[in-house]
Amino acid sequence: MIRIAILASGSGSNTENIVKYFAKSAEIEVSAIISNKADAYVLERAQYLHVPSYVFGKTEFLETNKVQLLLDELKIDWIILAGFLVLLPVSIVDKYEGRIVNIHPSLLPKYGGKGMYGDRVHKAVVEAHEKESGITIHKIDANYDRGTTVFQAKIKLKPTDTAEKVAQKVHALEYKFFPVVIENLILNRPFEKEVTVEPIDNEQSVRVERKDR
């Protein structure tokens, strides 16, 4: 069994989607949910999803080896960043080289970097009158929103789209593709590296069910 830890700072909707996707997997297990915020709603999700959760402050992440010791104790194989707002220390990045995966709510390199997350990204996309947006899934290095891009999903935008509407479209892409890409990466399966999704007039929060193979 391959063991993954999900790191998240906020609500945790992507985290819940990933946990549910792998719930019946015989190959991959979500072994821990780790946050840097004691009041993050993702911790409540962890509780009702029955996944062990842990909280470490920013100082503990950056100036101690407590997180690394936990990852070692839990025998974590891969780290998934799902809305995690702390830059990981070089020691963890080096130890898990090629096995730390992040998702960003834009088509990197556009609208990435420190401070660009969540609604800030979507507002910037609207203000720039972009004709498309999407998600980028990448393996990380020691910099914000850098590293090797492994997957992008694009969706066209309308001139009338608000930041909220863009967010809705991008969230649907996250829910649809993030768990699948994680699975394909970990199990070394081939997959398309770039897709364009046709917009739907009434986007819903798309969840995908894992198909046992």
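Helices here (H or I, at least four residues) and strands (E, at least two) are DSSP runs, numbered from the N terminus. This is a predicted model, so a few ground rules apply: local features need pLDDT of at least 70, side-chain atom pairs count only at pLDDT 80 or more, and totals for chains, interfaces and linings use all residues. Residues are numbered from 1 along each chain as its sequence is written, and side-chain values use heavy atoms, with hydrogens and water left out.

**Confidence**

**Helix H4**

- Val67, Gln68, Leu70 and Leu71 are the buried residues of H4, which spans residues 66-73. Buried means under 20% relative accessible area, exposed over 50%, and partly exposed in between (1.4 Å probe, protein chains only).
- Looking down the axis of H4, these buried residues fall within an arc of 160°, so they line one face of the helix. The arc is that of the directions from the helix axis to the C-beta atoms.
- Their packing partners are strands E1 (2-7), E2 (28-35), E3 (53-55) and E4 (78-81), plus helices H3 (58-63) and H5 (90-95).

**Helix H2**

- In H2 (residues 42-49), the buried residues are Val42, Leu43, Arg45, Ala46 and Leu49.
- Down the axis of H2, its buried residues fall within an arc of 155°, so they too line one face of their helix.
- Those H2 residues pack against H1, E2 and E3.
- H2 is followed by His50, which has a positive phi near 60°.

**How H1 packs**

- Two packed helices are described by the angle between their axes and the distance between the axes. Axes are lines fitted to C-alpha atoms, for helices over the stretch in contact, and angles run from 0 to 180 degrees between N-to-C directions.
- With H2: the axes of H1 (residues 13-21) and H2 come within 9 Å and cross at roughly 20°, which makes H1 roughly parallel to H2. Angles under 35 degrees count as roughly parallel, over 145 as roughly antiparallel, 65 to 115 as roughly perpendicular and the rest as oblique.
- On the H1 side, Ser13, Thr15, Glu16, Val19 and Lys20 meet Val42, Arg45, Tyr48 and Leu49 of H2.
- With H7 (residues 163-186): the axes of H1 and H7 come within 10 Å and cross at roughly 50°, so H1 is oblique to H7.
- The H1–H7 contact involves Ser13, Asn14, Asn17, Ile18 and Tyr21 of H1, and H7 residues including Glu174, Tyr175, Phe178 and Ile182.

**Two loop residues**

- Gly10 sits in the loop between E1 and H1 and counts as partly exposed because its relative accessibility is 31%.
- Beyond its neighbours within four places in sequence, Gly10 touches Ala40, Tyr41, Val42 and Gly83.
- Gly10 and Ala163 are 153 residues apart in sequence and 19 Å apart in space, C-alpha to C-alpha.
- Ser106 is found in the loop between strand E5 (100-104) and helix H6 (119-127); at 0% relative accessibility, Ser106 counts as buried.
- Setting aside neighbours within four places in sequence, Ser106 is in contact with Tyr111, Val121, Ser133, Gly134, Ile135 and Thr136.

How values were computed: Contact = heavy atoms within 4.5 Å.
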